[in-house]
Amino acid sequence: MTELVEFARMNGLGNKILVVDMRGRADKVTPQAAIALNADPATQFDQIMAIHDPKAQGTDAWIDILNSDGTMAQACGNGTRCVVQALSSETGRKTFTFQTVAGILNAVEHEDGTISVDMGKPVFEWDRIPLAEEFFDTSRIELQIGPIDAPILHSPSAMSMGNPHAIFWVDRDPMSFDLELFGPLLENHPMFPEKANITLAQVTSKSSLRTRTWERGAGLTLACGSAACAAAVSAARTGRTGRMVTIDVASSPIRQPLVIEWRDDDHVVMTGPAEWEWSGKVDPTIGTFIRDDEPEANAIQRGEPEARVN
Ligand SMILES: N[C@@H](CCC[C@H](N)C(=O)O)C(=O)O
């Protein structure tokens, strides 16, 4: 039986995150465990942030990111804030440097509890987003859905924030669109060979946007941090806003904006909250778990005799 590891159920502006502590061991959270955890309403999540021992000097941890369908993601802004809060509570430290498949991320927890993550530099080249077709200008690509002469969504801005994003500009509340219907079609559109996160963004002023996202590998989520960064950068890139914006994430139950700054050095810094909900222990191979605040009997009732702490 695999030894159980500590995990925390957290959220970043409502984005459902499981932070799993894989430090000190060589194995990984498996796609099978992710799918099993997502199937249980108590642990249903958008991303798992698996904290591993650091691989590079000067970094505090390597982080693997899994979507709820078991696939890997290269970036997760809301989840990164959750990792910072978890490690800050554990160590008392306020600044961290992480490594992911997409590169190095620096992060800091502020006095007021909000957390800033330097999400790195945006990528605009069509073959690095990646797109299936060559576009000289990816700030407005040819893609539409709906009737050919009256498209419902069209001409998105495409970019990578480590992970692929398409931002569709809308002139009314993103909540009024049927994103459950269009999201999967666009996520899996042949234009995106590695699929894409699909965001609807409404410009509400020269310094604010309202967004809603269909996430690659996770579907309709309450919030998506890398999408907020992509929307902010795309808005500035196309002259819709300045380089510092607040993002009202329309679908989030937490009415606190994300603040995104696309700095002059090209780095994108996202600031927002993270919230701990409960903790437990999980088998990273098959996904059985026990909450710290429940008797072991409950886990066994769920049919999880393996849910024993070694
Ligand atoms: N919720 C995340 C983004 C998660 C990754 C995405 N689904 C992908 O596959 O790229 C965030 O807060 O950035």
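A residue is called buried if 20 or more other C-beta atoms lie within 10 Å of its own, exposed if 12 or fewer do, and partly exposed in between, with the C-beta atoms placed from the backbone. Lys195 is a handy example to start with: it counts as partly exposed because it has 17 C-beta neighbours inside 10 Å.

Some ground rules before we go on. The model is predicted, so local features need a pLDDT of at least 70 and side-chain atom pairs count only at pLDDT 80 or more, while totals for chains, interfaces and linings use all residues. Residues are numbered from 1 along each chain, as its sequence is written.

The protein is divided into domain 1 (5–109 + 276–301) and domain 2 (144–266), with bounds that come from an automatic or database domain assignment. Their centres, taken over C-alpha atoms, are 25 Å apart. Where the two touch, domain 1 puts in 18 residues and domain 2 puts in 21 residues; here, two residues are in contact if their C-beta atoms, placed from the backbone, lie within 7 Å. The domain 1 side of that contact is made of 5 nonpolar, 11 polar and 2 charged residues. For these classes, Ala, Val, Leu, Ile, Met, Phe, Trp, Tyr, Cys and Pro count as nonpolar, Asp, Glu, Lys and Arg as charged, and the others, Gly among them, as polar.

So where does the ligand sit? The ligand lies between domain 1 and domain 2, because both give residues to the shell around it. That shell has 20 residues, and the closest are Ala73, Asn78, Asn163, Gly225 and Ser226. (A residue is near a molecule or strand if its C-beta atom, placed from the backbone, lies within 6 Å of it.) By class, the shell divides into 5 nonpolar, 12 polar and 3 charged residues. Helix 2 (77–91) and helix 4 (225–237) each supply at least two of the shell residues, and helix 2 has the largest share, with 3 residues. Helices (H or I, at least four residues) and strands (E, at least two) are DSSP runs, numbered from the N terminus.

The unreviewed UniProt entry places a "binding site" feature at several positions, including Asn15, Asn78, Asn163, Asn197, Glu215, Gly225 and Ser226. UniProt positions are given in the numbering used here, feature names are shortened, and annotations may be inferred rather than shown by experiment.

Let's look at two of these. Asn15 is in strand 2 (residues 15–21) and counts as buried because it has 31 C-beta neighbours inside 10 Å. Not counting residues up to four places away in sequence, Asn15 touches Asp46, Asn78, Thr221, Leu222, Ala223, Cys224 and Gly225.

Asn197 belongs to strand 13, and it is buried because it has 27 C-beta neighbours inside 10 Å. Leaving aside neighbours within four places in sequence, the contacts of Asn197 include Asn163, Thr213, Glu215 and Arg216.

Next up is strand 14 (residues 208–215), where 7 of the 8 residues are buried.

| Partner of strand 14 | Direction | Bridges |
|---|---|---|
| Strand 13 (residues 197–205) | antiparallel | 7 bridges |
| Strand 15 (residues 219–220) | antiparallel | 2 bridges |
| Strand 16 (residues 244–249) | parallel | 4 bridges |

Strand 13 and strand 14 are joined by a hairpin through 2 residues, and Ser205 has Ser208 as its bridge partner. Glu215 is bridged to Gly219 in strand 15, while Leu209 is bridged to Ile247 in strand 16.

Most residues other than glycine have a negative phi, and most peptide bonds are trans. Which residues go the other way here? Leu13, which is not a glycine, has a positive phi of about 60°. Leu13 is in the loop between strand 1 (5–12) and strand 2, and it is buried because 27 other C-beta atoms lie within 10 Å.

Lys195, from the opening, has a positive phi too, near 65°. Its place is the loop between helix 3 (179–187) and strand 13.

Finally, the peptide bond from Ile129 to Pro130 is cis, with omega near -5°. Pro130 is in the loop between strand 8 (115–118) and strand 9 (144–145).

Key
Two strands pair if DSSP finds at least two bridges between them.
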